[in-house]
Amino acid sequence: MKMLINVAETVVADALRGMAAAHPELTVDVENRVIVRRDAPVPGKVGLVSGGGSGHEPLHGGFVGPGMLSAACPGEVFTSPVPDQMVRAAAAVDSGAGVLFIVKNYTGDVLNFDMAAELAEDEGIQVAKVLVNDDVAVTDSLYTAGRRGTGATLFVEKIAGAAAEEGAPLERVEALARQVNESSRSFGVALSACTTPAKGSPTFDLPPGELELGVGIHGEPGRERRAMMTSREIADFSVNAVLEDLDPRNPVLVLVNGMGATPLLELYGFNAEVQRVLVERGIPVARTLVGNYVTSLDMAGASVTLCQVDEELLRLWDAPVKTPGLRWGM
């Protein structure tokens, strides 16, 4: 498998060096694997820290900046960062107003962020944690107990980040993050497997002419495999799977997310089908975001995330944001 890398062992460090060169508004510590907004800590502001294995870019490092995360901790590819990274990030962004850890529900991430919270509190940093577990495809998976954290992570980081930017206290930022997670559900589909640099070959076997319904962002098995379906059929299956578990009483945010190798031409076509299903189900759409945001290296496929929003959540979603991966209003 051809990859635009030097050697597998340095792929994360090389990417971080490139990110530092492209984004002088960030402080990128390549050696310690921490990405921080350059103006941190912002006086009186709650710090938001997230992180996870590399390979999901722009999640999480691409979402560091005003209106979103204060810092991110990238691990090795598909591998949790370690507690030392998280403590270093928390210390870098803590203004005295506390720090919120946003954690996707994968066993390694949960254990390491829990340990980091204890270590940070030993250093006098007030820490709260919010778990993201929005994936309706399966209950338990290769790397999780309970539901996996996927596309809703973007919604949580953006809305909580906007609240923190406005000066909301830690308790309020944490409550909003929990509300967003509880109001969100996701479902993903793989058309091809992803390839990690270390392995150099697909991480799972997906025969030609088949797709994986309910795939995880590390290539974890989903609900079932079927013969290749049309965009219309995939949208019907995915949105209905989400709506089996989410009964929106309010308008929804829609994220049509590419897994990394699906071009925007296909994603926008898929979004048209997702919107069709929502119209047929009588669900009003407040905002839609289409693109590659929570990826799985070079996997072809897409995920759908819906988040029902009230007026406050929608206002916070619309609030200005300026990060490498998401920006508007600034």
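Modeller: Gladly, and let's start with the largest pocket, which holds about 660 Å³ of space. Do bear in mind that this is a predicted model.

Colleague: What makes it a pocket, and which residues lie nearest its centre?

Modeller: A pocket is an open set of grid points with protein on both sides within 12 Å along at least five of seven lines, so the label rests on that test. The largest pocket has 35 lining residues, and V11, A15, S54, G55 and E57 lie nearest its centre.

Colleague: Which elements supply its lining?

Modeller: At least two residues each come from α1 (11-22), β3 (47-54) and β4 (71-77). The most comes from α1, with six residues.

Colleague: How does the lining of the largest pocket divide by class?

Modeller: There are 19 nonpolar, 12 polar and four charged residues in that lining. Gly counts as polar in this scheme.

Colleague: What is the volume of the second largest pocket, and which residues are closest to its centre?

Modeller: The second largest pocket has about 190 Å³. It is lined by 13 residues, with L191, S231, I234, E266 and F270 closest to the centre. Two or more lining residues come from each of α6 (231-243), α7 (264-280) and β12 (301-308). The largest share, three residues, belongs to α7. By class, this lining has eight nonpolar, four polar and one charged residues.

Colleague: Now the sheet: why is the six-strand sheet with β9 and β11 at its edges called open?

Modeller: Its strand order is β9-β8-β7-β12-β10-β11, with mixed pairing. Both β9 (224-227) and β11 (285-291) have a single partner strand, so one side of each has no neighbour in the sheet. From one strand to the next, the twist averages 15°.

Colleague: How do you know that β10 and β12 are paired?

Modeller: Two strands pair if there are at least two bridges between them. Strand β10 (residues 252-258) and β12 are joined by seven bridges and run antiparallel, so the pairing holds. Within that pair, V252 stands opposite Q308 of β12.

Colleague: What lies across the sheet, and at what angle to β7?

Modeller: Helix α6 lies across β7 (184-190), β8 (210-213), β9 and β12, and runs at about 150° to β7.

Colleague: And what makes β1 and β2 a pair?

Modeller: The same cut-off of at least two bridges applies. Four bridges join β1 to strand β2 (residues 34-37), and the two run antiparallel, so they qualify. The bridge partner of T27 in β2 is V36. Four residues sit between the strands of this hairpin, where R33 takes a positive phi near 60°.

Colleague: Which residues of β1 are on the covered face, and which on the uncovered one?

Modeller: In β1 (residues 26-29), L26 and V28 form the covered face, while T27 and D29 form the uncovered one. In a regular strand, side chains alternate between the two faces of the sheet.

Colleague: Last one: why is D135 called buried?

Modeller: Buried means under 20% relative accessible area. The value for D135 is 2%, so this residue counts as buried. D135 sits in the loop between β6 (127-132) and α4 (152-165). Apart from its neighbours within four places in sequence, D135 is in contact with R147, R148, T150, S186, F187 and V215.

Terms used: Residues numbered from 1 in each chain as written. Predicted model: local features only at pLDDT ≥ 70, side-chain atom pairs only at ≥ 80, totals over all residues. Heavy atoms only, no water. Buried < 20%, exposed > 50% of the residue type's maximum accessible area, 1.4 Å probe, protein only. 1 Å grid on protein atoms, 1.4 Å probe; cavity = no way out; pocket = protein on both sides within 12 Å on 5 of 7 lines; lining within 4 Å. Points joined across faces, edges and corners; volume = space filled by probe spheres on them. Axes fitted to C-alpha atoms, helices over the stretch in contact; angles between N-to-C directions. Contact = heavy atoms within 4.5 Å.
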